[in-house]
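Open your viewer and have the selection tool ready. Here is a short tour, one stop at a time.

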Amino acid sequence: FKSTYENLLKDIEQKNKETEIQKNEIEIKNKEILASINYANRIQQGLLKNKRLLNSCFPNNFIYFNPKDIVSGDFYWTTMNKNNLNEDLFYLACCDSTGHGVPGAFMSLLNMALYSEAINEKKLLEPNLVFNHIRARLIELIGVDGQQDGFDGTLICYNFNTKKITYASANNGGILVKANKSIFELNYDKMPVGKGIKNEDFNFYELNYEKGDTLYLFTDGYADQFGGPKGKKFKYKQLVETIVLANHSSIKDQEQVFNTTFEMWRGNLEQIDDVQLIGIQL
């Protein structure tokens with residue numbers, strides 16, 4: 001009996017050692033994966049156009065950028081170009097790629113590359129033509145097996161010479177808060193930039209604004225977040241109310257207003273999606 005007991009103890013001790021080794025191996029692998037994702041985040045942040053171009057065009061702005069995971073499927077993108085009249089054009093995209101985390105980040109990098117291809121290489125200067133081109137390229141590149149990856153979002157174009165703003169929007173518009181605090185909801189097309197049920201050309205829209213108005217562009221992560229006393233979605237209507245309320249604060253303070261409101265609503269619940277909200281005082 002003693003010999004059996006000792007053998008049993010040895011077996012248990014051996015199993016414990018094996019379990020500890022496996023645990024250490026898993027921890028090492030997790031650390032390696034986390035380090036890789038953090039490095040990917042630095043790459044993504046480097047490719048996300050920094051705010052200097054936006055600041056030079058519209059100094060009064062903020063970007064509330066809150067990924068669900070370390071890397072994000074949401075992204076913003078800016079560039080400058082000239083039309084055939086030699087007029088300066090500034091572009092700003094606020095978009096939500098399919099997925100979040102690592103898959104979403106890969107999609108965001110692809111989408112940014114296609115924006116650059118459309119505007120800077122192909123010289124497609126109207127926002128709706130840019131969306132048409134990117135959709136065709138996404139279907140060509142990743143839609144051959146029926147994949148419907150792409151993005152929802154808005155692309156605005158500001159003409160420095162005429163002061164006109166034109167835009168295209170897919171499944172997600174934006175809000176213009178007038179200087180008198182009235183609101184205008186941007187038009188949008190109910191289809192993604194990517195393979196979907198509809199394959200119509202995107203519409204070309206013009207934004208009528210006045211100096212002092214504030215434009216808000218956003219993805220759906222804010223409105224879709226669960227929270228509050230009943231654990232329900234924040235929803236679009238409450239987002240609009242929050243935008244109107246935040247608009248009473250200075251543009252520099254509004255990012256904190258949106259962050260505080262979001263975190264208070266979320267409480268202890270998990271963040272379900274990437275969140276992005278951009279405000280620009282025109």
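Two terms come first: on a 1 Å grid over the protein atoms alone, a cavity is a set of points where a 1.4 Å probe fits but cannot get out, while a pocket is an open set with protein on both sides within 12 Å along at least five of seven lines, and lining residues have an atom within 4 Å of a point. The model is predicted, so local features need pLDDT of at least 70 and side-chain atom pairs count only at pLDDT 80 or more, whereas totals for chains, interfaces and linings use all residues. Residues are numbered from 1 along each chain as its sequence is written, and side-chain values use heavy atoms, with hydrogens and water left out.

**Stop 1: the largest pocket.** Select Leu89, Cys157, Asn159, Thr166 and Phe204, which lie nearest the centre of the largest pocket among its 14 lining residues. The space here is about 220 Å³, a volume being the space filled by probe spheres set on the grid points, which are joined across faces, edges and corners. Now colour strand 4 (150-159) and strand 5 (165-170), each of which gives the lining at least two residues. Strands (E, at least two residues) and helices (H or I, at least four) are DSSP runs numbered from the N terminus. The lining comprises 6 nonpolar, 4 polar and 4 charged residues; Ala, Val, Leu, Ile, Met, Phe, Trp, Tyr, Cys and Pro count as nonpolar, Asp, Glu, Lys and Arg as charged, and the others, Gly among them, as polar.

**Stop 2: the second largest pocket.** Move on to a space of about 160 Å³. Its lining includes Asp96, Asp152, Phe218, Lys235 and Tyr236, and the classes are 4 nonpolar, 3 polar and 5 charged.

Stop 3: Show the open sheet of 5 strands, ordered 1-13-10-6-7 with antiparallel pairing; two strands pair if DSSP finds at least two bridges between them. Strand 1 and strand 7 (183-185) are the edges, each pairing on one side only. From one strand to the next, the twist averages 15 degrees.

Zoom in on strand 1 (residues 61-66): it is largely enclosed by the rest of the structure because 5 of its 6 residues are buried, meaning under 20% relative accessible area with a 1.4 Å probe, protein chains only. Strand 1 runs antiparallel to strand 13 (residues 275-281), with 6 bridges joining them, and Asn61 faces Ile280.

Key: Buried means under 20% relative accessible area, exposed over 50%, partly exposed in between (1.4 Å probe, protein chains only). Axes are lines fitted to C-alpha atoms, for helices over the stretch in contact, and angles run from 0 to 180 degrees between N-to-C directions.
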